[in-house]
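Hi there,

Here is the structure I promised to pass on. Have a look at it first, and then read on for my notes.

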Amino acid sequence: MKIISTFIELETGAGVSLHDIMPQLQSAIANSGINNGFVTVTSQHTTTAISINENEERLIEDVKTFLMKLVPPADKYLHNDIELRDCPPDEPENAHSHLAAMLLGSSEAIALAEGELVLGQYQSVMLFELDGPRKRRISVQVYGE
Amino acid sequence: MKIISTFIELETGAGVSLHDIMPQLQSAIANSGINNGFVTVTSQHTTTAISINENEERLIEDVKTFLMKLVPPADKYLHNDIELRDCPPDEPENAHSHLAAMLLGSSEAIALAEGELVLGQYQSVMLFELDGPRKRRISVQVYGE
Amino acid sequence: MKIISTFIELETGAGVSLHDIMPQLQSAIANSGINNGFVTVTSQHTTTAISINENEERLIEDVKTFLMKLVPPADKYLHNDIELRDCPPDEPENAHSHLAAMLLGSSEAIALAEGELVLGQYQSVMLFELDGPRKRRISVQVYGE
């Protein structure tokens, strides 16, 4: 089994933003020379998520609205009492971003067959930025032959 | 490493329905001839999910009730303004199904040892249909020796 | 490809509790002798979850508060009518724990490079106990070379 390890780096949008990373994934797979096997995709951050869904602009707006309602940023969270924690005073107040990240999940493992991710017509692997804008890194490791 | 790729196809129930796919998975594993390794299970759709939990009939009803409350189908979603999107006029109004799918997740990667998925006594891999009834496809790829 | 299969066992806290399992994972990886490949981590229970996030004590308290609000234990659930089910009379009333487990997810597949999990600085793999205290088992399988 061949293993090729790489990273995707991207600059994300403000607050919540969704980033379709299919072009970068396809390029990482093509560069790996691996045609059959699988790929692990793992965000390297605790206020982002990796999820597979449809890249449709109106749905993406619904995601933002829904997450704000599901985990309201203005609620009271202990993690946001920055002065009571052992951390720099300019830490962001982002407990809601961590909670959304846990629910959405940080990684995906996806089958690879004949050089293509085995996904349906409307499925895109997306990075969910939950506390942007930031520079983010995603581990992409390709395994197979 | 041997890699065997296959698909499970099934007809799902109306609205939200849960489908225990353990029999199909066990059959795919037996057919693969692979005893030790792992399995990736990935739904090929953006309004379904794959999750592992207990196949208990009263719990399944609780899941349906809970998801309807968590992501109410009758709420206002931009994705449901079909006439404003570049898509066929008979597209279903299913933003709530996409949102539930993102939270539940589209895939699982599960260890395989001595011909069996390494899961506990009450764990079943289930397809969550979130916008049925439909004909659905699930990628099952088995890796190992 | 070498495959090394093991289990982490731990005693969890009451109700909802989060357990950072990085030390046990790192020890399982070191014992495997595998440096490059990946690891599957799968809880063996239907009222626990595996998720990757920051092990920060105040955030962990926020998680407990948030889950109680998201899936209130005192709500009416059919699964909690123990006397109507075919199960022992001392079964716990834990429908809310199952629902939280589905949303959080039961497994992770994480890349391994040069003997280390490919994770960011603040990421810890954690077992989320959702119906403790109990004795729990987590499958850890390490694959690679």
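Below is what I found, starting with the single chain and moving on to the contacts between chains.

Please keep in mind that this is a predicted model. Its overall scores are ipTM 0.96 and pTM 0.97. For chain A the average pLDDT is 96, and 100% of the residues score at least 70. Where pLDDT is low, predicted coordinates should not be read in detail.

**The chain**

Chain A is built from 3 helices and 8 strands. If you walk along the sequence of chain A, the order of elements is β-β-α-β-β-α-α-β-β-β-β. The C-alpha trace of chain A spans about 50 × 35 × 20 Å along its principal axes.

**How the copies are arranged**

Two copies of a chain are related by a rotation about an axis and a shift along it. What rotation brings chain C onto chain B? The superposition takes a rotation of 120° with 0.0 Å of shift along the axis, and the RMSD is 0.0 Å. These two copies are therefore related as by a three-fold rotation axis. The residue of chain C that comes closest to the rotation axis is C:Leu103, with its C-alpha at 3.3 Å. The two copies use different surfaces, since 16% of the contact residues of chain C recur in chain B.

Chain A goes onto chain B by a rotation of 120° with 0.0 Å of shift along its axis, again with an RMSD of 0.0 Å. Here too the copies use different surfaces: 16% of the contact residues of chain A recur in chain B.

**Chain A against chain B**

In this contact, 31 residues of chain A meet 31 residues of chain B. Together the two chains bury about 2,700 Å², with 60% of that area on carbon and sulfur atoms. On the chain A side, A:Arg58, A:Asp62 and A:Phe66 lose the most area to chain B, and together they make up 23% of what that side buries.

There are 18 residue pairs in polar contact across the interface of chain A and chain B. Which elements of chain A supply at least two residues each to the side that touches chain B? They are β3 (37-43), β4 (48-53), α2 (57-70), α3 (95-104) and β5 (107-113). The most comes from α2(A), with 8 residues. By residue type, the side of chain A that touches chain B divides into 17 nonpolar, 6 polar and 8 charged.

Side chains of opposite charge can pair when their charged atoms come close. Across the interface of chain A and chain B there are 3 salt bridges. One of the salt bridges in the model joins A:Lys69 to B:Asp75, with the closest N and O atoms 2.9 Å apart. Over all chains the count comes to 29 salt bridges. The A:Lys69 to B:Asp75 pair crosses between chains, running from helix α2 of chain A to the loop between α2 (57-70) and α3 (95-104) of chain B.

**Chain C against chain B**

This contact takes 31 residues from chain C and 31 residues from chain B. The buried area between them is about 2,700 Å², and carbon and sulfur atoms give 59% of it.

Between chain C and chain B the count is 3 salt bridges. In one salt bridge, the side chains of C:Asp75 and B:Lys69 meet at 2.9 Å, N to O. The interface of chain C and chain B also has 18 residue pairs in polar contact. Two or more residues each come from β1 (2-11), β3 (37-43), α3 (95-104), β5 (107-113) and β8 (135-144) of chain C. The largest share of the side of chain C that touches chain B is that of α3(C), with 6 residues. That side divides into 16 nonpolar, 12 polar and 3 charged residues.

Best wishes

Definitions and conventions. Residues numbered from 1 in each chain as written. Chains lettered and ligands numbered in written order. Predicted model: local features only at pLDDT ≥ 70, side-chain atom pairs only at ≥ 80, totals over all residues. Heavy atoms only, no water. Contact = heavy atoms within 4.5 Å. Buried area = accessible area lost by both parts, 1.4 Å probe. Salt bridge = Lys/Arg side-chain N within 4 Å of Asp/Glu carboxyl O. Polar contact = N/O pair within 3.5 Å; in protein donor to acceptor, adjacent residues only side chain to side chain. Helix = DSSP H or I, 4+ residues; strand = E, 2+ residues; numbered from the N terminus. Nonpolar A, V, L, I, M, F, W, Y, C, P; charged D, E, K, R; others polar. Least-squares fit on C-alpha atoms with pLDDT ≥ 70 in both. pLDDT = per-residue confidence, 0-100.
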